[in-house]
Amino acid sequence: MIAKLDTAMWFLQRPTHWRHAADIARRKWLPDHDGPGEARKAQAWAAERAVPLIEVLAAIGLATPKTTLPQLPPALLEEAQGRSTRSLVKMGGAGDINLLYAATILSGARRIVETGVAYGWSSLAILAAVDGQEAARLVSVDMPYPKMKNEAFVGIVVPERLRGSWEIIREPDRPGIKKAIARVGEVIDLCHYDSDKSWWGRQYGYPLLWDALRSGGIFISDDIQDNMAFADFVAERYLNFSVTECGGKYIGIVRK
Ligand SMILES: C[S@@+](CC[C@H](N)C(=O)[O-])C[C@H]1O[C@@H](n2cnc3c(N)ncnc32)[C@H](O)[C@@H]1O
């Protein structure tokens, strides 16, 4: 009871989080798409379609099977690993940084939106990929977990020297995604979805990001094995998609 009151207070003190809180309450009345059965179905769906990263990049026209993929500098990763140990709070796991780094470099993306920062591994991969590109901009949306007191550690692995092209909107996806899209000028070259992994969360975020993506832009979603949201999304829109696996998780990729 006290924990519930604490959470309510946490949200009450943050007006930018009220719409998210209202949506979470609304979802309790909506059909549940996140049960274990749905996760099993999504896991099987993704596993059946997963191919190696080089094949994904070839399928979306960013590489050939013979392309040597750009690799994140080992020294940068080592430095980031060191910084991550300074976080006093455990946060969400990393996206597929090799995919993000390669896709950002090979596509020449400059207007980039991501949802979900936590330690900032995906942000690090994207920012390293656009390092030195003057017009490049990454806008990230991240709502720190209620009551976790992790605000100070969000993005901790990203070094100061890469932060010039970076902005974090510290709000929930609703309304953060719309604000992020506006901040990059309403058109996106590449997006990475890694925040609210529920089916209803993705129902909200995917179409907003997809609609803002330019033709030829790259859509990447992490953890598509959680539920059937990605499978439903590509089926409803008749999209050509690819799936790859990283550390036991599956990532969905679509070129618009
Ligand atoms: C899996 S972590 C992100 C990992 C990150 N992309 C990386 O590669 O290091 C998910 C993050 O999304 C945030 N998040 C969860 N639900 C959210 C929501 N509804 N709106 C915005 N951020 C949310 C969490 O607080 C957490 O920081």
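Predicted model: local features only at pLDDT ≥ 70, side-chain atom pairs only at ≥ 80, totals over all residues.
Residues are numbered from 1 along each chain as its sequence is written, and side-chain values use heavy atoms, with hydrogens and water left out.

Visitor: How far is a nitrogen atom of the ligand from an N or O atom in the side chain of serine 122?
Guide: Serine 122 is among the residues that come nearest to the ligand, where a residue counts as near if one of its heavy atoms lies within 4 Å. Its side chain makes a polar contact, a pair of N or O atoms within 3.5 Å, and the separation from the ligand nitrogen is 2.7 Å.

Visitor: Which residue has a backbone N or O atom 3.0 Å from a nitrogen atom of the ligand?
Guide: A polar backbone atom of valine 117 lies 3.4 Å from an oxygen atom of the ligand. The 3.0 Å distance to a ligand nitrogen, by contrast, belongs to the backbone of glycine 116.

Visitor: Is aspartate 223, with its positive phi, buried or exposed?
Guide: Aspartate 223 has a phi near 55° although it is not a glycine, whereas most residues other than glycine have a negative phi. Given a relative accessible area of 8%, and with buried meaning under 20% and exposed over 50% (1.4 Å probe, protein chains only), aspartate 223 is buried.

Visitor: Which residue does a cis peptide bond join to arginine 174?
Guide: Most peptide bonds are trans. Here omega is about 25°, and the partner of arginine 174 in the cis bond is proline 175.

Technical notes
Polar contact = N/O pair within 3.5 Å; in protein donor to acceptor, adjacent residues only side chain to side chain.
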